[in-house]
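Reader: Before I use this model, I would like to see which labels rest on which cut-offs. Please go through them one at a time.

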Amino acid sequence: MLSGAERERAYRVLSLARALDERMWRLARAGRAHFAVPCSGHEAIGAGYAMAMRPGVDWLAPHYRDLAALVVLGMAPRDVMLCFFSRPSDPNAHGRQPYAHFGSRALHVLSQQGPQPNHCSHGVGCAWGSKLLGDGSVTVIAFGDGGAQKGEAHESMNVAAIHKLPCIFVVHRNGWTQSVKRSDQYATETLVARAEGYGMPGIAVDGSDVEAMHAAASAAFERARAGEGPTLIDAACVRFMPNTSNDDDSRYRDRAELDEQRAERDPLTRARALVGAAFAAQVDDEI
């Protein structure tokens, strides 16, 4: 369970990530920027596992909706916007990559790629290096529903389990791969059952609950640091927005159903209940 101070920190992170996300979306829609990748609905996943990481020690191969994790690890709002506008001073890729292609040697963030989920094998390579060096670090490897169906994810989890590598696989499971619904991607309700096939533990968690996500990640980190190998975390969430600014989700999602899901499973609303209205209002005013 998060302490009072940790809950307050989590709310600040989720609020900042949401505010940045909404600002970037409006700018993209206004034609002021090329490309937006919304994270709304996913914030508690990244914030939850990143708060269990040791900054400067552990490594992250992020999902492109992991803005909240980057905020926890120390990426400033200015740096996020420099990435969004592809400025030469962008610390992620010096303006040479689209937004959400995160990467930072200083923050121990492995560079993101366009094809998904190529970074899974890179993350496993990082974890293997950590084991060979004996430096005690753990690598988080995050990806989405679509990435979970591709060979890179399967091969990476298989290799990590065989060699008991210190890594954690986190699936942002929102039920969609762009416009492809869950039932057309995989036949099971969740992906956690796959963990047994690789020979690793699997944890199913409500990815809209930052406290539950942090608890699941903390258990996985403890296992990895003890030399017991990888864990798969299936984090269920709701993608509130279109896949990217190039997408029109009104063509394939029922708006009334989405509004209902948002009302019930908004990570920011849930985090607000943990910290209380007075503190939340203070943070909202600051942001």
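This is a predicted model: local features need pLDDT of at least 70, side-chain atom pairs count only at pLDDT 80 or more; totals for chains, interfaces and linings use all residues.

Author: Residues are numbered from 1 along each chain as its sequence is written, and side-chain values use heavy atoms, with hydrogens and water left out.

Reader: Why is His214 called buried?

Author: Buried means under 20% relative accessible area, exposed over 50%, and partly exposed in between, with a 1.4 Å probe and protein chains only. His214 has 13% relative accessibility, so it counts as buried. His214 lies in helix 9; helices are DSSP runs of H or I with at least four residues, strands are runs of E with at least two, and both are numbered from the N terminus.

Reader: Which residues does His214 touch?

Author: Leaving aside residues up to four places away in sequence, His214 touches Leu2, Gly48, Met51 and Ala52. Contact means heavy atoms within 4.5 Å.

Reader: What makes strand 6 and strand 7 a pair?

Author: Two strands pair if DSSP finds at least two bridges between them. Strand 6 (residues 202-206) and strand 7 (residues 231-236) have five bridges, in the parallel sense, and Val205 stands opposite Ala235. From strand 6 the chain runs through helix 9 (residues 210-225) to strand 7, a right-handed β-α-β crossover. Right-handed here means that, with the strands pointing away from the viewer, the path from the first strand over the helix to the second runs clockwise.

Reader: How do helix 1 and helix 12 cross?

Author: The axes of helix 1 (residues 4-29) and helix 12 (residues 277-286) come within 10 Å and cross at roughly 40°. Axes are lines fitted to C-alpha atoms over the stretch in contact, and angles run from 0 to 180 degrees between N-to-C directions. In helix 1, Glu8, Tyr11, Arg12 and Ser15 meet residues of helix 12, among them Phe279 and Val283.

Reader: What is noted about the backbone of Ala100 and Gln178?

Author: Ala100 has a positive phi of about 80° although it is not a glycine. Ala100 is in the loop between helix 4 and helix 5, and at 1% relative accessibility it counts as buried. Gln178, also not a glycine, has a positive phi near 55°; Gln178 is in the loop between strand 4 (176-177) and strand 5 (180-181).

Reader: Which residues does the cis peptide bond join?

Author: The cis bond joins Gln116 and Pro117, with omega about -5°. Pro117 is in the loop between helix 4 (77-84) and helix 5 (119-133).
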